[in-house]
Amino acid sequence: MKKDKKNSFNTPEGYFENFNDRLMDRIQNEEAQEGGAIIPKTDGFAVPDGYFDVITNDVLSKTVGKETKVIPLKSNRNFYYSVAAVAAIFILIFSLTWNSTSEPITFDDLANAEIESYLENTDFEMTSYEIAEVVSLEEMELTDMLGDDFEDDIIMEYLDENVEDIKELNLDDTDYE
Amino acid sequence: MNTYKERLYWHIRRIVLNHDDTDDVLQNTFIKVYRNIEKFKGDSKLYSWMYRIATNESLTFLKKKSKKMGVSDQELKDRMVENLQADVYFDGDEIQLKLQKALATLPDKQKLVFTMKYFQEMKYKDISEALDTSVGALKTSYHLAVKKIEAYLKEN
């Protein structure tokens, strides 16, 4: 125990040595309880030891100095000719028998579901303007697009992603959160 | 390459979450940078351009992964967070795991802005170049992201 020479008060052992640590702990705890500090400062991800030393060599081995092997076509020319001739005969026979047994496939034969799934799974990377150019507006009714009621959440998400400053729309906070 | 590898690694890691996938995407990013460096126009900073490639590579990677697994994008994100609990390269405690769960509920843009600003401490101007979005829109996204994350952490 530490004694004060001028009076009879004393403090627990190591009190002043530990004071700073305890104070910092308390500040951190209080900050954590306040709203602003509720989000942790770090996210806990780690990497294997020495990873960043190895990655450079890995990438360099896949890029710099990697030449594509050229396979000469000339020496196998006769082989390719014979393969092409056999393939041509097969295609000819197949197309003759195909035409005699069935009608040619038309656009109407495609199931709507197949077209929809193709459109959904293929990334066309088209802008709205490009789509507008290929879709004829004359054939469309306004109700085609307004058939489904959009959920509020979807509309707010869209505005959030696309509007320069959502606050300028003067929406009430509770409406878009 | 040495200058950027760590920054890009952490950027990608916060999108794809596990180390092995990050390693794949980081290598693809550098290969793409190497092959396209002649096309770099110089009208943005080199690292903004690299960030843009890394972001696109990461998001494409996740899209391919969800398609391959036959699950929705959201389902994949939920599974990725669940897998963190068994990940040897994730030292996060309970609150850090909850943070990842909260981040998984955000739209891609909000999540990207939040991690780039909060964890990578990037300036809005640099994020704007990397994500090709105006500073105003980024500030709104960040504000919404913080509110949603705080609300999630308080509720859970």
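## Basis

In this predicted model, local features need pLDDT of at least 70 and side-chain atom pairs count only at pLDDT 80 or more, while totals for chains, interfaces and linings use all residues. Residues are numbered from 1 along each chain as its sequence is written, and chains are lettered from A and ligands numbered from 1 in the order in which they are written.

## Chain B

Chain B has eight helices and zero strands, where helices (H or I, at least four residues) and strands (E, at least two) are DSSP runs numbered from the N terminus. Of its 156 residues, 31% are buried, that is, they have 20 or more other C-beta atoms within 10 Å of their own, with C-beta atoms placed from the backbone.

Among contacts in chain B with a separation of 6 or more, 61% join residues 24 or more positions apart; a contact requires C-beta atoms, placed from the backbone, within 7 Å.

Beyond its neighbours within four places in sequence, B:Val113 touches B:Ile127, B:Leu138, B:Ser141, B:Tyr142 and B:Ala145.

## Contact between the chains

In all, 25 residues of chain A are in contact with 33 residues of chain B. On the chain A side, α2 and α7 (152-162) each give two or more residues, and α2(A) provides the largest share, six residues.

Conventions: Contact = placed C-beta atoms within 7 Å. Buried ≥ 20, exposed ≤ 12 C-beta atoms within 10 Å, placed from the backbone.
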